[in-house]
Amino acid sequence: MGHRLRTRTAPAWLPWLIGVLAVILGAAASALIGFGIASWAIFSALVLVIAGPLAVAGIEGRRRGADAFARYLVWGAFLLALVPLVSVLWVVLARGLPGLNAHLLSTSMGGVTGVTDNAAAAGEGPVYGGAYHAIVGTLVITFWATVMSVPIGLLTAIYLTEYGGATRVSRAIAKTITFLVDVMTGIPSIVAGLFAAAFFVQILDDPSVRFGFIASVALSVLMIPTVVRSAEEMLRIVPNELREASYALGVRKWRTIVKVVIPTAISGISSGVTLAIARVIGETAPILVTAGFVTTINWNAFSGWMTTLPTYIYYQIMTPTSPTSPQISEGRAWSAALILIVVVMLLNLAARLIARIFAPKSGR
């Protein structure tokens with residue numbers, strides 16, 4: 001250690017020491033204004049960003065201190081970015097786990113009205129409903145939205161990257177598509193829901209029409225721009241040498257795209273599809289407009305109203321089902337939020353598995 005200090009090299013344990021001191025001093029500063037996780041993280045990050053570069057500059061010199069400032073600034077920003085994520089996960093787990101059980105996952109809210117004072121006087125207990133119908137609605141509506149969005153988005157991205165620059169007309173079409181995709185990216189979700197509802201009202205000539213597939217169309221309007229953008233970026237980073245090698249062997253262009261380009265970019269494409277699904281699976285407003293809300297199970301996306309987890313959470317909070325015990329509805333809402341997070345996580349894991357299976361194999 002003494003040799004390192006004499007040669008003006010910061011010891012390897014210095015960042016850890018500064019990190020521990022930052023946490024301790026951040027907790028002390030946060031306690032002065034009223035202890036909280038957010039204020040603790042902010043003060044700790046400030047101490048880390050200030051003390052770290054000063055310590056490095058004192059040992060290695062001003063130039064190394066300036067370099068350390070940028071490094072510690074990145075670390076501090078990373079820690080601050082973790083605060084909302086960790087806070088959300090902690091709150092959802094703390095409030096959602098107690099109510100997460102087999103009954104919640106296997107029953108619906110059909111016929112559930114809670115327990116009234118008369119029922120309590122008669123010795124009847126409350127009827128606790130579940131979120132099974134909302135899980136079914138979420139999976140069915142998201143499935144059909146994905147079935148519509150992924151082929152359209154992927155084919156659009158293929159045209160933009162592989163065919164969009166061939167001729168003057170194709171370049172003009174590609175620019176128009178790019179502009180429209182950018183516009184669609186900023187469309188509010190409620191507008192997509194109103195569009196899908198109005199579209200099917202005109203087709204079926206029924207102002208009161210509501211069913212799951214309409215919600216899938218609304219979600220696909222929101223999904224397509226994300227799929228197009230992510231797939232386009234992944235296809236563009238595929239080296240042109242791979243395409244040229246395939247063409248040199250006499251392989252047709254469409255087959256080169258299917259056998260060479262897409263498998264090379266499948267990892268990024270699957271991640272983009274997962275992001276698109278995560279983008280829409282938590283939407284509430286377009287679902288209320290297009291699919292309505294029911295308390296019973298419905299597997300048919302082409303007939304009858306449906307419920308998703310976001311709408312289920314909304315109604316459990318806004319209109320508690322248990323009159324004498326609102327915390328029961330609140331517990332169901334938090335448990336449904338936890339289920340929604342788990343579903344998104346499973347989709348992410350599935351996308352990574354698909355990418356690993358279909359990605360080009362390296363080796364001899």
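The model is a predicted one, and it contains 15 helices and 0 strands. Of the 364 residues in the protein, 40% are buried, and the average pLDDT is 82, with 88% of the residues scoring at least 70.

**Overall build**

**Annotated spans**

- An unreviewed UniProt entry carries the annotation "transmembrane region" for residues 12-34, 40-60, 72-93, 134-158, 179-203, 209-228, 260-281 and 333-355.
- One of these annotated spans, residues 134-158, is 100% helix and 0% strand in the model, and its end C-alpha atoms lie 35 Å apart.
- Another of the annotated spans, residues 209-228, is 85% helix and 0% strand, with 30 Å between its end C-alpha atoms.

**Two loop residues**

- Aspartate 205 lies in the loop between helix H9 (189-204) and helix H10 (212-236), where aspartate 205 is exposed, with a relative accessible area of 68%.
- Most residues other than glycine have a negative phi, whereas the phi of aspartate 205 is positive, near 55 degrees.
- Threonine 308 is placed in the loop between helix H13 (285-290) and helix H14 (309-318), and threonine 308 is buried, because its relative accessible area of 4% falls under the 20% cut-off.
- When its neighbours within four places in sequence are left aside, threonine 308 is in contact with Ala134, Gly137, Thr138, Ile141 and Ile287.

**Salt bridges**

- The count of salt bridges comes to 7, and the pairs described below are among them.
- Aspartate 67 and arginine 71 form a salt bridge in which the closest N and O atoms are 3.2 Å apart; the two residues are 4 residues apart in helix H4, so about one helical turn separates them.
- Both members of that pair count as partly exposed, aspartate 67 at 47% relative accessibility and arginine 71 at 33%.
- A salt bridge also joins the side chains of glutamate 330 and arginine 95, at 3.8 Å from N to O; because glutamate 330 lies in helix H15 (residues 326-358) and arginine 95 in helix H4, this pair ties together parts that are 235 residues apart in sequence.
- Glutamate 330 is partly exposed, with a relative accessible area of 36%, and arginine 95 is likewise partly exposed, with a relative accessible area of 45%.
- Arginine 236 forms a salt bridge with glutamate 232, with the closest N and O atoms 2.9 Å apart, and the two residues, being 4 residues apart in helix H10, are separated by about one helical turn.
- In this pair arginine 236 is partly exposed, with a relative accessible area of 47%, whereas glutamate 232 is buried, with a relative accessible area of 5%.
- Arginine 236 and glutamate 232 also belong to a network of salt bridges that links Asp182, Arg229, Glu232 and Arg236.

**Confidence and caution**

- Over residues 1-6 the pLDDT stays under 50, and the model has 6 contacts beyond four places in sequence for this stretch.
- Over residues 115-126 the pLDDT also stays under 50, and here the model has 9 contacts beyond four places in sequence.
- Where pLDDT is low, the predicted coordinates should not be read in detail.

Conventions: Residues are numbered from 1 along each chain as its sequence is written. This is a predicted model: local features need pLDDT of at least 70, side-chain atom pairs count only at pLDDT 80 or more; totals for chains, interfaces and linings use all residues. Side-chain values use heavy atoms; hydrogens and water are left out. UniProt positions are given in the numbering used here, feature names are shortened, and annotations may be inferred rather than shown by experiment. Buried means under 20% relative accessible area, exposed over 50%, partly exposed in between (1.4 Å probe, protein chains only). Contact means heavy atoms within 4.5 Å. A salt bridge is a side-chain nitrogen of Lys or Arg within 4 Å of a carboxyl oxygen of Asp or Glu. pLDDT is the predictor's confidence in each residue, from 0 to 100.
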